[in-house]
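Subject: Structure handover

Hello,

Here is the structure for your files. Please look through it alongside the notes below.

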Amino acid sequence: MPLTLLAAVGVGAIWLVDISTGPEYGFAIFYLIPISFTSWWLGRYPAVFIAILSTVAWILADIAARAAVPLGASLWNGLTRAAIFLMLALLIDQVRRERTALRTVDAHREESLALIAHTLRRSASEIQAAIPDLGNAPALSASERDAVLQLRRQSRNFNRFAEDVLEVGQLEAGHFRLNRGRFDLSEFVATLARETDKSRLQLVMESDPVWVDADPERLRTAIEHLLNNALRFSPAGSAVHVTVSGRTGTARVSVKDQGIGLARSHLQTVFKKYGRIDTAESRDRIGVGLGLFVSRLIAEAHGGTISAASVGLGLGSTFTLEIPLAAAPPHEGLA
């Protein structure tokens, strides 16, 4: 009620200005301000009331300030204004309702995804625990060994998806803090490459350390996504080149593959939430579209950026993550 009265006072103020000026000036458009305010913040019925009040105010102002205009014309023009005012009020209210409904649906979706992620992570852990250790297991046939390795890979994929969903929720909500530490990015990436696929990942690094002040666990997540995507979308057995450098004033990790490539229109889409690129070449390997989005959020949380470049479809891609360099530790400087 107080805000509705405030909007009514606004209508009255516009009416006073309208009757105080000459007949050559029109103020009908200014009545849209209290109508829009009421419709967006208070809802349909207060907005309809303010729209009708604005119509009456406009007609009275037209009669008072424009005596030369016939009464019938003022009433007719008032009815046209009423139609405009009411349609605007109802339209803005409908937009507000749909916006609220979409936000509710989005919140429910995120809650459901988080629940699924927790369940999937627990299931992945149980699968991992149930898989025998190949090193200690009795002799297995080739098919049995392949089945165990496939189960292990799929359980890791399930766990990675669960971690991505939970990571997105924390990063978007800001419910996290970076546990920063200073370390050599070159050595860090080399370790990740060995753990991921040392036979296909070819490293190019500077002889000097590339020091960064970053959260190692979150940075691991971001870089792992780049490495795994490059391996997944490249031909089997092809090499993926990983370069770590710090000569440009920033610490940079570039991952260049020989895979399906990206069209120009895809270069920004891949970093959006659920940014899936659905092509004939990627359809059987495409994920849910969260990995690169998570990498982007992590890079930005460190004050950095992430970008993609590609000559075109079928010609490979290069993904580059950049974060600020850190000063070398004191003992490094003395050395």
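A residue counts as buried under 20% relative accessible area, exposed over 50%, and partly exposed in between (1.4 Å probe, protein chains only). On that basis, 38% of the 335 residues of the chain are buried.

This is a predicted model: local features need pLDDT of at least 70, side-chain atom pairs count only at pLDDT 80 or more, and totals for chains, interfaces and linings use all residues. Residues are numbered from 1 along each chain as its sequence is written, and side-chain values use heavy atoms, with hydrogens and water left out.

Overall build

The chain has 10 helices and seven strands. Both are DSSP runs numbered from the N terminus: helices are H or I with at least four residues, strands are E with at least two. The radius of gyration is 31 Å, well over the 20 Å that the globule rule gives for 335 residues, so the chain is more spread out than a compact globule. That radius is taken over C-alpha atoms, and the rule is 2.2 Å times the number of residues to the power 0.38. Along the principal axes, the C-alpha atoms fill a box of roughly 100 × 55 × 40 Å.

Contact means heavy atoms within 4.5 Å. Of the contacts in the chain with a separation of 6 or more, 72% join residues 24 or more positions apart. The chain exposes about 18800 Å², and carbon and sulfur atoms supply 60% of that. Accessible areas come from the Shrake-Rupley method with a 1.4 Å probe; for residues, only the protein chains shown count as cover.

Salt bridges

The whole structure holds eight salt bridges. The criterion is a side-chain nitrogen of Lys or Arg within 4 Å of a carboxyl oxygen of Asp or Glu.

- Asp 93 and Arg 96 meet at 2.7 Å, N to O. Both lie in helix 4, three residues apart, about one turn of the helix. Asp 93 is buried, at 0% relative accessibility. Arg 96 is partly exposed, at 22%.
- Glu 195 and Arg 220 meet at 3.0 Å, N to O. Glu 195 is in helix 6 (residues 185–197) and Arg 220 in helix 7 (residues 216–232), so the pair ties together parts 25 residues apart in sequence. Glu 195 is exposed, at 51%. Arg 220 is partly exposed, at 22%.
- Glu 300 and Arg 296 meet at 3.2 Å, N to O. Both lie in helix 9 (residues 291–301), four residues apart, about one turn. Glu 300 is partly exposed, with 43% relative accessible area. Arg 296 is partly exposed too, with 24%.

On the pairs within one helix: an α-helix has 3.6 residues a turn, so residues three or four places apart point the same way.

Helix 6 has 13 residues and spans 18 Å from first C-alpha to last, close to the 18 Å expected at 1.5 Å a residue. The expected span is 1.5 Å times one less than the number of residues. Its buried residues include Leu 185, Phe 188, Val 189 and Leu 192. What do the buried residues of helix 6 pack against? Their partners are helix 7 and strands 1 (181–184), 2 (201–205), 3 (211–214), 4 (240–245) and 5 (250–256).

Helix 7 has 17 residues and reaches 24 Å, close to the 24 Å expected. This helix is mostly covered, with 12 of its 17 residues buried. Charged residues Arg 218 and Glu 224 are among them. Arg 218 is buried at 13% relative accessible area. Leaving aside neighbours within four places in sequence, Arg 218 contacts Glu 167, Gln 170, Leu 171, Phe 176, Arg 177, Leu 178 and Ile 298.

Nonpolar patch

Ile 52, Val 56, Leu 60, Ile 63, Leu 71 and Leu 75 form a nonpolar surface patch, with about 520 Å² of accessible area together. Helix 3 (44–65) and helix 4 (71–130) each give two or more residues to the patch. Helix 3 gives the most, with four. Leu 75 lies in helix 4 and is partly exposed, at 40% relative accessible area. Patches take residues with over 30% relative accessible area and no salt bridge; like charges are joined within 9 Å, nonpolar side chains (Val, Leu, Ile, Met, Phe, Trp, Tyr) within 5 Å.

Best wishes
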